[in-house]
Amino acid sequence: MTRMTPFTSPLLLGFDAMEKTLERIAKGNDGYPPYNIERIHGDDSSGEQERLRITLAVAGFSEEDLDVTIEENQLIIRGRQTETGERDYLHRGIAARQFQRMFVLADGMQVSKAELRNGLLSVDLIRPEPVRMVKKINILVPE
């Protein structure tokens, strides 16, 4: 039995990479760290445009432990904590845990800033107004 996906439609050409990206993200999603995505409305009087904010709960991570990158059309946030010295734990409920969280960005999305405050990492995304482009394609008629 062949698996059918939305990207197998003959009307969607060239979306193979998108399908592979979605499959990879679905496999690597374990729910850690928890995150929120919110829409922050712009202010016309100050010229501030609407943006999206991704906020991850990264308690215990410092700025040096976190890495925010964009690879192709993916926002990748990685966290790596290292053990500091030898400790004699009577109970250990807070683990030094690595994570990688990926978000697929639409064409034109840009990261405007990333900020770490009170154990929350906030990444703001903006989408500049797209330039509308119309291109006339000439039709060749062989004689």
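Reader: What percentage of the contacts in the chain with a separation of 6 or more is accounted for by residues 24 or more positions apart?

Author: This is a predicted model, in which local features need pLDDT of at least 70, side-chain atom pairs count only at pLDDT 80 or more, and totals for chains, interfaces and linings use all residues. Residues are numbered from 1 along each chain as its sequence is written, and side-chain values use heavy atoms, with hydrogens and water left out. Contact means heavy atoms within 4.5 Å. Among contacts with a separation of 6 or more, the share of residues 24 or more positions apart is 48%.

Reader: Why does Arg-78 count as buried?

Author: Buried means under 20% relative accessible area, exposed over 50%, and partly exposed in between (1.4 Å probe, protein chains only). Of the 143 residues of the chain, 24% count as buried. Arg-78 counts as buried because its relative accessibility is 17%.

Reader: Which side chain is joined to that of Arg-78 by a polar contact of 2.9 Å?

Author: A polar contact is a pair of N or O atoms within 3.5 Å; within protein, one must be able to donate a hydrogen and the other to accept it, and residues adjacent in sequence count only if both atoms are side-chain atoms. The side chain of Arg-78 makes a polar contact of 3.5 Å with that of Glu-71. The polar contact of 2.9 Å joins Arg-78 to the side chain of Gln-100.
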